Structure formats: structure tokens, C-alpha cells
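Please work through the exercises below with the model open beside you, and try each task before reading its solution.

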Number of protein chains: 2
Amino acid sequence: MIRKPLIYNYNNVLAHNVGNRTGISTEEILSYERRTKRIHESLAAEREGGTLPFYDLPEKKGDLKEIKKLGEEIKKEMGDRLENLLVIGIGGSSLGGIAVTRALCHPFYNLLPHETRKTPRIFFAENIDPDEITGLFDIIDPETTLVNVISKSGSTAEPMANFLLFQKHMIDKIGEERYKHRVIATTDPKSGTMREIANDLGLRTLKVPPGVGGRFSVLSQVGLFPAYMAGVDIDALAAGASAMVKRLNTDDLLKNPAYLNAVIHYHLHIKKGVNMAVLMPYSTALAEVAGWYRQLLAESLGKKFAQSGEIVYCGQTPIKAVGAVDQHSQIQLYREGPEDKIITILSVENFKNFLNIPSLYKEFEGISYLGGHTLNELFEAEKRATAHALVKSQRPVLEITLPEINPYTLGQLFYFYEVQTVFAGCLYNVNPLDQPGVEAGKQYTYSLLGRKGYEDVWKKEVGPEESDPTYIIR
Amino acid sequence: MIRKPLIYNYNNVLAHNVGNRTGISTEEILSYERRTKRIHESLAAEREGGTLPFYDLPEKKGDLKEIKKLGEEIKKEMGDRLENLLVIGIGGSSLGGIAVTRALCHPFYNLLPHETRKTPRIFFAENIDPDEITGLFDIIDPETTLVNVISKSGSTAEPMANFLLFQKHMIDKIGEERYKHRVIATTDPKSGTMREIANDLGLRTLKVPPGVGGRFSVLSQVGLFPAYMAGVDIDALAAGASAMVKRLNTDDLLKNPAYLNAVIHYHLHIKKGVNMAVLMPYSTALAEVAGWYRQLLAESLGKKFAQSGEIVYCGQTPIKAVGAVDQHSQIQLYREGPEDKIITILSVENFKNFLNIPSLYKEFEGISYLGGHTLNELFEAEKRATAHALVKSQRPVLEITLPEINPYTLGQLFYFYEVQTVFAGCLYNVNPLDQPGVEAGKQYTYSLLGRKGYEDVWKKEVGPEESDPTYIIR
């Protein structure tokens with residue numbers, strides 16, 4: 001496992017390379033130096049005061065120990081019958097685990113034979129799509145399934161509905177006593193509906209650390225238990241994050257890639273109207289890291305606030321793309337569409353495998369040049385070519401390079417983006433830890449389902465007639 | 001199979017419902033009536049003249065017949081040994097097939113036992129990620145695999161590299177003679193490298209219809225052969241598209257949902273700065289329809305052109321989201337972030353399955369309200385709640401309702417979006433069928449790999465030093 005730091009390259013967001021319209025000058029960057037020092041100080045104080053506990057997750061060795069102890073206990077109990085791990089959770093409860101396992105497991109992990117895999121298949125029940133959940137019932141046998149339900153409060157409708165459905169499905173087949181040994185509840189250590197249910201049933205539990213929101217929980221037991229069960233080296237993941245903790249402990253803007261990344265994105269948004277931030281890994285395995293990033297940014301920075309009587313709406317829209325696939329889907333727009341995007345290419349220096357493209361069809365000029373190269377060389381060439389084509393069109397491009405996709409580099413990357421997001425929250429002057437905008441939708445749902453105390457909300461807010469048929473084409 | 005038309009509801013983009021800042025008034029809509037008639041006429045003329053052949057794909061019964069004949073031939077030849085269909089293609093060559101099969105097959109199709117599935121597992125080799133392709137080698141056995149390589153020209157680097165790699169992999173195991181019977185090449189009917197290779201090897205072929213670009217090819221043999229092999233009723237798919245052909249054959253803006261959809265998106269982009277168009281199906285199965293839409297819009301409308309000496313960049317950025325999952329990831333931003341998005345909710349009226357949420361834990365108020373409802377009701381309630389919460393924040397929301405997810409409704413949906421995209425191209429005054437912006441990246445790649453005639457391109461464009469180490473943090 002290569003244990004080297006991520007490389008952060010910001011050449012191609014600089015105005016002297018991509019022009020003034022979409023670039024940032026070195027002077028503009030330096031103009032944030034004093035503010036950076038102030039924010040660094042206030043974040044350090046908050047961290048010290050315990051209001052930003054996600055900062056210290058990489059050092060929680062005790063949490064890792066608990067995961068390993070519990071994981072080994074279960075492996076011993078279930079033995080070869082541990083064929084499926086079903087993770088029930090949504091949003092921050094699932095996106096971290098998905099990102100880690102997709103990045104680090106075999107690309108067709110669930111299709112591998114049990115003997116090769118040795119660890120259980122992993123399913124994430126996120127959505128409440130009746131066809132998808134029925135499909136899961138078809139696939140996973142209660143006899144060989146471990147459930148990990150993840151919900152801080154136990155009152156989020158989607159995971160709780162799925163929890164109830166799978167509970168009945170499993171108890172019907174294996175009975176209540178055995179079921180109780182097949183559920184791990186990851187929840188608040190003290191309070192909430194899920195904690196109470198776990199206590200009532202006598203379930204084994206892990207914790208959502210107090211004060212850590214879902215989108216900052218990938219390096220806690222929320223993201224790490226599923227990862228451990230899938231065979232991921234969670235110590236290396238924490239070690240990578242720890243290395244990033246140290247690296248980011250500087251108020252020198254030009255040496256702190258997380259702060260610099262926040263400044264560049266913020267400045268281009270506020271000053272240049274760049275309202276989209278694309279994360280484009282050149283790696284299929286890293287696609288879901290971009291999915292995780294998408295939530296982290298959107299919920300943390302997509303905020304409104306009042307300023308001198310006016311409402312200000314802020315936050316770039318994070319966009320997930322994947323190279324080289326999206327060259328054939330999005331690059332036309334990224335190069336020749338509006339100048340409204342900054343693109344971060346996630347580069348991988350070393351893949352696990354090399355593939356030699358065979359030299360066949362030498363008579364066909366349109367294909368013969370491929371032979372003799374590795375697929376790795378082609379992938380690398382396409383990435384460089386795309387980055388340069390974007391720069392040529394004066395589109396700002398950042399590049400973050402992982403020496404290899406492994407737990408250590410992934411740990412760095414998660415922590416990097418968490419810190420950059422919290423720092424960006426300070427630049428925008430919003431609270432990156434809350435999400436007040438999702439409350440209304442929850443209340444309307446409760447009302448539509450007749451939850452006590454919410455019966456009238458929908459009627460009051462919407463009234464009986466929702467859509468005027470004049471504006472419906474049937 | 002329910003054969004009913006899609007319902008298009010535009011109440012919640014109207015200014016009298018979401019306000020003037022992000023809405024469109026009925027007067028503004030009507031101001032496009034004359035232009036609509038003109039565009040309708042010119043599109044009809046182009047269609048008549050044969051320059052828009054995608055329009056007539058739903059009526060090509062002969063193409064469907066060829067697919068079925070070939071499909072049955074192969075099933076007979078391979079019998080029970082047809083365990084894998086490997087589709088090699090990228091962008092428009094793969095996104096249609098992916099969208100159709102994900103929408104219409106079992107949600108965990110590739111994991112079903114062969115006896116249940118009866119049709120082959122389906123894999124799409126799109127990316128040139130060495131770890132992903134190596135992973136595919138682990139999973140698919142040449143003895144039981146049919147390859148469908150899709151490339152109009154045969155000179156796109158990614159599918160050709162993968163084609164060469166799998167050719168060697170398969171020939172090494174099953175020999176050249178048997179390999180030749182295991183490849184279907186979907187390519188230009190007359191010319192191009194892939195056509196020549198197919199002729200040389202004596203491969204069976206299907207056609208990419210002349211004049212139909214990848215992103216408009218889902219209803220051709222490109223998208224329909226993989227669909228057929230996965231058991232999809234392709235006649236119903238074509239019938240749905242045909243029904244939409246008829247429905248859209250009117251120049252009455254208020255009766256033509258595709259034209260109206262284009263007008264609404266265009267107007268909000270140009271006049272209100274709404275530069276993102278979100279497609280958010282409330283259905284896991286439809287997620288990849290949003291992936292298909294993402295390419296269709298981006299490549300068709302993301303264009304630049306010169307106007308009185310100034311360069312104009314146009315095209316909204318299409319965004320793929322999935323309900324209810326993204327309520328816990330993107331809705332905070334969509335409601336309280338900048339007013340830069342229009343959101344289309346893809347609704348499904350009837351799912352295949354009903355699931356009753358069990359009434360358990362009656363003592364816990366935060367969960368007891370779920371019991372007695374179906375998961376379907378919860379899903380529907382969340383969709384309505386989210387739509388209304390967005391409207392409450394004055395964010396424009398469209399709703400397109402599919403009576404059911406089936407080939408007939410899907411066929412309608414594809415055709416609907418294709419026509420709206422071509423119409424939008426006329427509004428922006430760009431050619432929706434080309435993609436000049438991807439050329440530079442291709443040439444740089446050729447140059448980096450030393451393709452004859454391109455050796456100097458990279459050196460001339462980039463020079464030896466690409467990145468100044470001053471702006472790299474290591």
C-alpha cells in the first residue's frame with residue numbers, strides 16, 4: 001500500500017493560464033490570507049470547544065477497536081452463513097459506506113463467488129422504491145443476512161420503513177430470537193427512537209458520534225463498520241485521515257490545500273458566477289466518492305440567509321462526473337457551454353492492474369495506434385488530453401492526484417473535503433452543519449401519512465386543489 | 001401493460017405559482033407561439049428531407065425484425081450457455097441500452113440465478129479503467145459470453161481498446177472460429193473501421209442508422225438489441241414512441257408537451273439565469289434514464305457560436321438526481337441555494353409491487369405512523385411533499401407522470417426528450433446534432449499515443465512543461 005500524500009495542482013485555475021473571465025489571479029488568492037488566518041483560528045477554537053467533533057474522528061482508536069471486535073464476533077457466530085450485509089440508511093448514513101466499499105472492493109464484488117470474496121456481499125437499502133425493495137427480498141436470504149440499520153434519531157421515514165419491512169421479512173423466516181442476533185443498530189449512543197428500539201430488542205449497537213452529522217460521518221462507525229465487514233483495512237483509512245489532519249493544521253493558505261480549494265471555489269462562485277463544481281474522477285471505483293462529495297457540498301453550503309433585509313442564496317451545485325465516460329456525454333458542454341463550472345479531476349497515479357492492448361488490425365490506421373500501449377496509458381492520455389482541452393477553452397481545472405486507490409489515500413481525501421467544506425461555510429458565512437431546508441418536506445410527508453400532530457399541515461399549506469388542470473397536458 | 005399517455009404538468013413553473021423571479025407567465029409562454037409554428041415547419045421540412053432520421057426510428061419495423069431474428073438465432077446457437085452479454089460501447093452507444101435495461105429488468109438482474117432470469121446477464125464495458133476491465137475478466141467466462149461491440153466509426157479509442165482486449169481474452173480461451181460467432185458488431189452499414197473489421201472477420205452485424213448520432217440512437221438497433229436480449233418487449237417500446245410521434249405532430253404549443261418543455265427550459269435559462277435542469281425520477285429503476293438525458297441535453301445544447309463579434313455560450317447543465325434518496329443529499333441546496341435550477345420530477349403512478357409497512361413499535365410515536373401504510377404511499381407522499389416544499393421556496397417544478405414503468409411508457413419518454421432537445425436547439429439557434437467540442441481532446445489523445453499524423457499536436461499545443469511546480473502542493 002502506497003502511503004504518500006495527495007497532490008493538489010491548481011495551475012489551471014489561475015488567470016494567467018485560463019484567463020480572467022473564469023480564472024483567479026495569485027493576487028486574488030493572497031487577498032484571502034488574513035481571512036484564512038482568522039477562520040483557521042476560529043475553527044481551532046470550535047474544535048477545541050467540542051463543537052466540531054468530526055475533526056477528531058481519525059484519532060478515535062477506541063471506535064475502530066469496537067468495530068473490529070463486533071465484526072469478528074459476528075463472523076464467528078455466522079461463519080460461512082454470512083453471505084449478505086444489508087445496510088439500511090439514507091443520505092449521510094449510506095453515502096460514506098457506499099463510497100468506501102465501491103472504491104476499495106472488487107468492481108464486481110457482489111458477483112464474485114463466495115470463496116473468492118470471503119466477506120459478505122453488500123447491499124444498501126437507501127430508497128423506498130417498492131420495486132427495488134421487493135427485488136432485494138428476492139435476492140437476500142434471511143438465513144444468511146446481517147442487517148446494519150443506520151439512523152441517528154430513528155425517526156427518518158425511509159430507513160425506518162425499510163427497517164420495519166426487513167424486520168418482518170426476516171422474523172417470518174428465522175424467528176425473533178435469531179433475528180435479534182442479526183441486527184446491528186448504528187445510532188445515537190443515548191437517545192432517540194432507534195436507541196430505544198435497540199434497547200428494547202437487546203440489539204448490539206454502534207454509535208453515530210454526538211455532534212457529527214451524517215455527511216461528516218464516513219470516518220466514524222457509520223461508514224467504517226460496513227467497510228470493515230467488506231474487508232477494508234480501516235486502520236489504514238484512519239491513518240490516511242490522520243496524516244491529512246496534520247497536513248491541514250496550518251493557517252498558511254498556500255500550504256493548506258483544503259483552505260485553498262475552498263478559496264478558489266468560493267471566489268469563482270461569488271466573483272465569476274461559476275455556480276457549479278464538478279468532481280470528475282478518472283476511475284470507475286471513485287465514482288461514488290463523487291456521490292459522497294455531492295451531498296457534503298450541497299447540504300453544507302446550499303443555504304440562505306438575510307443580509308441587510310435581502311435574502312442571499314448561496315452554495316455551488318456539486319456535480320458528479322466520471323472520466324473517461326463523461327468525455328462522451330458532458331465534455332462538449334463543459335468546453336463550449338456557459339462558463340459556469342470549475343472542474344476537479346481526481347487522478348490515480350497507479351492502478352492495481354496493467355492491461356496491454358493487443359496489436360491487432362495493423363492495416364487499420366484508426367485503431368492500429370492503440371496496440372502496444374497499455375490501457376493505463378490510454379486512460380492517462382485521455383485524462384491529460386481532456387484537462388488540456390478544457391484549459392484551452394479557458395475552463396478552470398483543478399487536479400487532485402491519488403498515488404493509488406487505497407484506504408490510506410481515500411482517508412486523506414475524505415478528510416480533505418470535510419475540512420474544505422467547513423472552511424467554505426465560514427467564507428460564505430453559513431453554518432455548514434445544519435440543513436433547515438429539508439424540514440418542510442418532512443412535515444408535509446408526516447401530514448400526508450396522518451402522523452399525530454401534523455394532520456393539518458398539508459391542508460393548511462396546500463389546500464385541497466393542487467394542480468389546475470388547465471396546465472396539464474394529458 | 002398499461003398503454004396510456006404520459007402526463008405533463010407545468011402548473012408549478014408558472015409565475016403565478018412560483019413567482020416572477022424563477023417562473024414563466026402564461027403570456028411569456030404564448031409569446032413563443034409564432035416561433036413554435038415556424039420551428040415546427042422547418043423541422044417537418046428537415047424530417048421530410050431526410051436530415052433528421054431519428055424522427056422515424058419508431059416506425060422502422062424492419063429493424064426490429066432483424067433484431068429479433070438475430071437474437072433468436074443466437075439463443076438457438078448458444079442455448080443455456082448464453083450467460084453473459086457484454087456490450088462494448090461508450091456515450092451514445094451505451095447510455096440508451098443502460099437506461100432501457102435498468103428501467104425494465106429486475107433491480108438486481110445480474111444477481112438473479114440463471115433459472116429465474118432465463119436471459120443473459122448484461123455488462124456494459126464503457127470505461128477504460130484498467131481495474132474495472134480486469135474485474136470484468138474475472139467475472140465473465142468467454143465460454144458463455146456474447147459480445148456486442150457498438151461503434152459507428154470504429155475509431156473511438158475507448159470501445160476499440162476494449163474490443164481488442166476482449167477479443168484477445170476470448171480467442172485465447174475459445175479460439176478464433178468460435179469467437180467470430182460470439183460477436184455482433186453494431187456499426188455504420190457501409191463504411192468505417194468497425195465495418196471493415198466486421199467484414200474481414202465475417203462478423204454478424206447490426207446497424208447504427210446513417211445520420212443518427214449516438215445520443216439519438218436508443219430507439220435504433222444500438223439500444224434495442226441489448227434490450228431484446230435482456231427480455232424487453234421492443235415492439236411495445238417502439239409502439240410507445242410511435243404514439244408520441246403522433247402526439248407531438250402539432251404546432252400548437254399548448255398541446256405539444258415536448259415543445260412546451262423546451263420553451264419553458266429555454267426561457268428560464270435565457271431570461272432568468274436558470275442554468276441547471278434537474279431530472280429527478282422517483283424510481284430507482286429510472287435513474288439511468290436521467291443518465292441518458294444528461295448526455296442528450298449536454299451534447300446537443302452545450303454549444304458556442306459567434307453573434308455580432310461576441311461568442312455566445314449556451315446550454316443548461318442537465319443534472320441527474322433520484323428521489324427519495326436525493327432529498328437527503330440535494331434538496332437542501334435545491335430549496336435554499338441559488339435560484340438557478342428547474343426540476344423535473346418523473347413520477348410513476350403504478351409500481352409493480354405493493355409492500356405493506358408492518359405496524360410495529362406502536363409505543364414509539366416517531367415510527368408508529370408508518371405502520372398500516374404501504375411503502376408505495378410513503379414514496380408518493382414524499383414526492384408530493386418534496387415538490388410542494390420546492391414550490392413553497394419558489395423553485396420551478398415540472399412533473400411528468402408515467403402511468404407505469406413499462407416499454408410503452410419508456411418509448412414515449414425517450415421520444416419526448418429527443419424532440420424537445422431538437423426543438424430547443426432551434427430556440428438556441430444551434431445545431432443539436434454535432435459535438436465539435438470533443439474533437440480537441442481526441443486529437444491530443446492521438447498525439448500522446450503517437451498516432452500517425454498527430455505526433456506534433458500535443459507538443460505544439462502544450463509544450464514540454466505543463467504545470468508550474470509553484471502551484472502544486474505536495
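The exercises that follow look at a strand and its partners, and then at pairs of helices.

This is a predicted model, in which local features need pLDDT of at least 70 and side-chain atom pairs count only at pLDDT 80 or more, while totals for chains, interfaces and linings use all residues. Residues are numbered from 1 along each chain as its sequence is written, and chains are lettered from A and ligands numbered from 1 in the order in which they are written.

**Exercise 1.** Find how many residues of strand S2 (residues 84-88) of chain A are buried, and state which of them lie on each face.

Solution. Begin with the strand, which is a DSSP run of E of at least two residues, numbered from the N terminus, as helices are runs of H or I of at least four. Five of the five residues of S2(A) are buried, where buried is said of a residue with 20 or more other C-beta atoms within 10 Å of its own, C-beta atoms being placed from the backbone. Next, separate the faces: Asn84(A), Leu86(A) and Ile88(A) are on one side, with Leu85(A) and Val87(A) on the other, and both faces are covered.

**Exercise 2.** Describe how helix H11 (residues 234-247) of chain A crosses helix H17 (residues 407-428) of chain A.

Solution. The axes, lines fitted to C-alpha atoms over the stretch in contact, come within 6 Å and cross at roughly 45°. H11(A) and H17(A) are therefore oblique to each other, since angles under 35 degrees count as roughly parallel, over 145 as roughly antiparallel, 65 to 115 as roughly perpendicular and the rest as oblique. Among the residues that meet are Ala236(A) and Met244(A) in H11(A), and Tyr408(A) and Phe414(A) in H17(A). By class, this contact of H11(A) with H17(A) has 14 nonpolar, four polar and no charged residues.

**Exercise 3.** Find the angle between helix H11 and helix H17 of chain B.

Solution. H11(B), residues 234-247, packs on H17(B), residues 407-428, at about 45°, with the axes 6 Å apart. That makes H11(B) oblique to H17(B).

Terms used: A residue is buried if 20 or more other C-beta atoms lie within 10 Å of its own, exposed if 12 or fewer, and partly exposed in between; C-beta atoms are placed from the backbone. Axes are lines fitted to C-alpha atoms, for helices over the stretch in contact, and angles run from 0 to 180 degrees between N-to-C directions. Two residues are in contact if their C-beta atoms, placed from the backbone, lie within 7 Å. Ala, Val, Leu, Ile, Met, Phe, Trp, Tyr, Cys and Pro count as nonpolar, Asp, Glu, Lys and Arg as charged, and the others, Gly among them, as polar.
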